[in-house]
Amino acid sequence: VGVGLLGTLALALARYDAAVAIGFLLLAVVRFEPAPSDVILAVVIAVAFVTGRFAVDRVPRAALALIGAYLAINLLASVEVEDASRAATFLSVTLYLCVFAVWVASYVDSSRRARLLIWMYLSAALASTVLAVAALLLAVPGREILSVGPRGTALFKDANVFGPFLVPAALILVEELMTPRLLRSRRIVKFAMFVLLCVGVLFSYSRAAWLNLGVGVTIVL
């Protein structure tokens, strides 16, 4: 673990964007917590803060105020908890995700960086879909790791996490089909990727993911 952290730190210092790309690509691997992507991105965020790359001024003040209020409410809700250690765990996860959201907003300062994050996320989502669908339909080695009964999970520990993970990637493709701005692929390729992700959501058999995708596509359209 120590060697991995040192390696991640060295990579973040030497090749900042490469470390970010690896962190986003590994978003598709969540068998335990903290996941590999959480560790990498936490190191990246720390490096950004120390080296002055964490540009909080790029984040809208209204968003910062809402995030601050949300954290304050979470802290207030922890006053009467019965299990302090469990509450601290959930609060730390919430704090990390809020900091991560602010960091992403400060990191994406160019089309190049936006395109990098989108392609890493799409690659992770598409690879997860292929693994899950293959495990369900084909006699591939290790299929018991990639699925639980009739539900695809890929490298997630739960189908209800795998399904919703694909939804933002699908919505990005819907946006790019209507208003191409960042992805230079042909529309037919984007549409094929969108259909594949929809198949992945379907085979997750997660009703929350189905609803999430339906509502999301409706809002984007």
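Analyst: A nonpolar core is a set of buried Ala, Val, Leu, Ile, Met, Phe, Trp, Tyr and Cys residues joined through side-chain atoms within 4.5 Å, where buried means under 20% relative accessible area, exposed means over 50%, and partly exposed lies in between (1.4 Å probe, protein chains only). The model is predicted: local features need pLDDT of at least 70, and side-chain atom pairs count only at pLDDT 80 or more, while totals for chains, interfaces and linings use all residues. Residues are numbered from 1 along each chain as its sequence is written, and side-chain values use heavy atoms, with hydrogens and water left out.

User: How many residues does the largest nonpolar core have, and which of them have the most contacts inside it?

Analyst: That core has 53 residues, and F24, V44, W103, F165 and L197 are those with the most contacts inside it. Two or more residues come from each of α2 (16-25), α3 (36-50), α5 (84-107), α6 (111-137), α8 (159-178), α9 (187-204) and α10 (207-220), and α6 gives the most, with 10 residues. The element names follow DSSP runs numbered from the N terminus, with helices (H or I) of at least four residues and strands (E) of at least two.

User: Which residues does W103 touch?

Analyst: Contact means heavy atoms within 4.5 Å. Not counting residues up to four places away in sequence, W103 touches Y16, V20, F24, L41, V44, I45, A48 and F54.

User: Why is α2 called oblique to α5?

Analyst: The two helices pack at an angle of about 130°, with their axes 14 Å apart. Angles under 35 degrees count as roughly parallel, over 145 as roughly antiparallel, 65 to 115 as roughly perpendicular and the rest as oblique, and therefore α2 is oblique to α5. The axes are lines fitted to C-alpha atoms, for helices over the stretch in contact, and the angles run from 0 to 180 degrees between N-to-C directions.

User: What makes α8 and α9 either roughly parallel or roughly antiparallel?

Analyst: Their axes come within 9 Å and cross at roughly 160°. That angle makes α8 roughly antiparallel to α9. The crossing of α8 and α9 is left-handed, and the contact includes F162, L166 and L173 of α8 and F194, L197 and V201 of α9. By class, the contact of α8 with α9 has 15 nonpolar, 3 polar and 3 charged residues.

User: Why is K190 classed as buried?

Analyst: K190, in helix α9, has 1% relative accessibility and therefore counts as buried. Leaving aside neighbours within four places in sequence, K190 is in contact with L173, E176, L177, P180, L183 and S185.

User: How do you know whether A154, Y205 and G149 are buried, partly exposed or exposed?

Analyst: A154, in the loop between β2 (151-152) and α8, counts as buried because its relative accessibility is 0%. Y205, in the loop between α9 and α10, counts as partly exposed because its value is 38%. G149, in the loop between β1 (147-148) and β2, counts as exposed because its value is 61%.

Note on methods: A crossing is left-handed if the near helix is turned anticlockwise from the far one by less than a right angle, and right-handed if clockwise. Ala, Val, Leu, Ile, Met, Phe, Trp, Tyr, Cys and Pro count as nonpolar, Asp, Glu, Lys and Arg as charged, and the others, Gly among them, as polar.
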